[in-house]
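Thanks, everyone. I will go through one model, starting with the sheet and ending with the aromatic rings. Please have the sequence and the structure open.

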Amino acid sequence: MTKHNWLARAPVLVENLYAVFSGDFSANYTASLSTGNREAFELQLLDLNIPFSYVKGGAGAMDHPGLAIFQDYAGFRKVIFVSSKRYQQRFSNIRVEQVGNLAEVSLDYQTALQGDQYEGSGWKVMQLIKLNGQWKIASEFFIGYDEK
């Protein structure tokens with residue numbers, strides 16, 4: 001398919017992925033995180049070695065030493081799924097760009113310990129690849145906003 005043909009179909013493709021990401025994909029992501037279901041979360045990843053990182057510093061961003069462990073998925077897994085703490089997360093301002101089987105999703109997020117008020121917030125960007133009819137996260141980068 002030529003670039004022109006993809007562009008002509010782009011609004012339909014984006015609408016479809018947006019519906020998928022806003023619905024089931026987003027719900028699976030946040031539910032698996034909040035229930036501590038590592039297996040369900042990892043089914044959404046392309047593989048366990050994807051680029052997955054907290055991005056330090058930046059304009060209006062916090063430089064939180066406790067987030068240094070989030071420099072790869074293994075660090076995230078240790079804090080979110082191996083520790084006894086359970087977290088909850090919610091998304092807003094979801095934006096999707098897609099051409100064929102490649103997509104980028106950016107969104108605002110809020111995070112808290114299970115049952116607490118949402119305190120942490122930030123922005124994340126995920127790249128997704130569609131394989132065998134399913135979207136998989138190929139990379140995830142996030143930054144936290146300074147709450148001060």
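The sheet here is open and has five strands, in the order β1-β5-β4-β3-β2, with mixed pairing. The edges are β1, residues 52–54, and β2, each pairing on one side only. From one strand to the next the twist averages 20 degrees, with axes taken as lines fitted to C-alpha atoms and angles running from 0 to 180 degrees between N-to-C directions.

Some conventions before I go on. This is a predicted model, in which local features need pLDDT of at least 70 and side-chain atom pairs count only at pLDDT 80 or more, while totals for chains, interfaces and linings use all residues. Residues are numbered from 1 along each chain as its sequence is written, and side-chain values use heavy atoms, with hydrogens and water left out. Strands (E, at least two residues) and helices (H or I, at least four) are DSSP runs numbered from the N terminus. Two strands pair if DSSP finds at least two bridges between them.

Now the pairings. β1 runs parallel to β5, residues 134–144, and three bridges join them. Within β5, Glu-140 is the residue opposite Phe-52. β2 pairs with β3, residues 102–113, in the antiparallel sense over 11 bridges. Val-99 has Leu-102 of β3 as its bridge partner. β3 is also antiparallel to β4, residues 120–131, through 10 bridges, and there Leu-102 stands opposite Ile-129.

Both hairpins contain a glycine with positive phi. Between β2 and β3 there are two residues, and Gly-100 has a phi near 60 degrees. Between β3 and β4 there are six residues, and Gly-115 has a phi near 85 degrees.

Which backbone oxygen does the side chain of Gln-98 reach? It is that of Gly-100, at 2.8 Å. This is a polar contact, meaning a pair of N or O atoms within 3.5 Å; within protein, one must be able to donate a hydrogen and the other to accept it, and residues adjacent in sequence count only if both atoms are side-chain atoms. Gln-98 lies in β2, residues 87–99, and is buried at a relative accessible area of 8%. Buried means under 20% relative accessible area, exposed over 50%, and partly exposed in between, with a 1.4 Å probe and protein chains only.

Next, the rings. A search of the whole structure gives 12 aromatic pairs; rings of Phe, Tyr and Trp (its six-membered ring) pair if their centres lie within 6.5 Å, and planes under 30 degrees apart count as stacked, over 60 as edge-to-face and the rest as tilted. One of the pairs is Phe-41 with Tyr-73, stacked at 6.1 Å centre to centre with 5 degrees between the planes. Phe-41 is in helix α2, residues 38–42, and Tyr-73 in helix α3, residues 73–82, so the pair ties together parts 32 residues apart in sequence. Phe-41 is buried at 0%, and Tyr-73 is also buried, at 0%.

Both belong to one aromatic cluster, whose members also include Phe-52, Tyr-109 and Phe-142. The charged end of Lys-124 sits over the ring of Tyr-109, 5.3 Å from its centre; the criterion is NZ of Lys or CZ of Arg within 6 Å of the ring centre and within 35 degrees of the ring normal.

Last, Val-82, also in helix α3. Is Val-82 buried or exposed? Val-82 counts as exposed, at 57% relative accessibility. Its C-alpha atom is 8.7 Å from that of Arg-38, 44 residues apart along the chain.
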